Amino acid sequence: MPQIPQTCQELTVGQLSARSGAAVSALHFYESKGLISSTRTSGNQRRYTRDALRRVAFVRAAQRVGIPLATIRDALAELPEERTPNRDDWARLSRAWRSELDERIKQLGRLRDHLTDCIGCGCLSLETCVLSNPDDVAGDRMAGSRLMPERGARIRS
């Protein structure tokens, strides 16, 4: 890993990538989504402040637990003056994200428990398939697999 002198206040995209473990393409993507920011040199090269390391670590940690990038961006935007997240910020946000994560864990557990049934079926045409018809919302109105409407849309008979 390349060493960055302590007096160096700006990092190249390569240095940020090496230090954070994120691919250069991921850093460009994070920047395009407003998760991190850079300035440009006179030669149009990106430069990141050292606090971008903590922001990238924050983004990657949140991603690892399944938080969508839009939610991460919203959380970072709530910080005063877009400062770097600290331990208190992480604790507050992780408490807020707990119910969302609990629901995902519940859904994954249900998927795991019924996956063998689905593979046994092979066609996802069971009337009560937990994958194509979660919670059997259409089972009373129709049989077999159907394209489910977007959330909030009504099911037509």
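This is a predicted model: local features need pLDDT of at least 70, side-chain atom pairs count only at pLDDT 80 or more; totals for chains, interfaces and linings use all residues.
**Figure 1. Overall fold of the protein.** Five helices and three strands make up the secondary structure (DSSP runs, H or I of at least four residues for helices and E of at least two for strands, numbered from the N terminus). Their order along the sequence is β-α-α-β-β-α-α-α. Residues are numbered from 1 along each chain as its sequence is written. Local features need pLDDT of at least 70, side-chain atom pairs count only at pLDDT 80 or more, and totals for chains, interfaces and linings use all residues, while side-chain values use heavy atoms, without hydrogens and water.

**Figure 2. The largest nonpolar core.** This core has 23 residues, of which Leu16, Leu27, Tyr30 and Ile72 touch the most other members (buried Ala, Val, Leu, Ile, Met, Phe, Trp, Tyr and Cys joined through side-chain atoms within 4.5 Å; buried is under 20% relative accessible area, exposed over 50%, partly exposed in between, with a 1.4 Å probe and protein chains only). Helix 3 gives the largest share, six residues.

**Figure 3. Surroundings of Ile72.** Leaving aside residues up to four places away in sequence, Ile72 touches Leu35, Phe58, Val59, Ala62, Gln63 and Ile67 (contact: heavy atoms within 4.5 Å).

**Figure 4. The aromatic cluster of Phe58, Trp90 and Trp97.** Rings of Phe, Tyr and Trp (its six-membered ring) pair if their centres lie within 6.5 Å; planes under 30 degrees apart are stacked, over 60 edge-to-face, the rest tilted. Phe58 and Trp97 form a tilted pair, 6.4 Å centre to centre with 50° between the planes. Trp90 and Trp97 pair edge-to-face at 6.0 Å and 80°. Trp97 is buried at 6% relative accessible area, whereas Trp90 is partly exposed at 30%.
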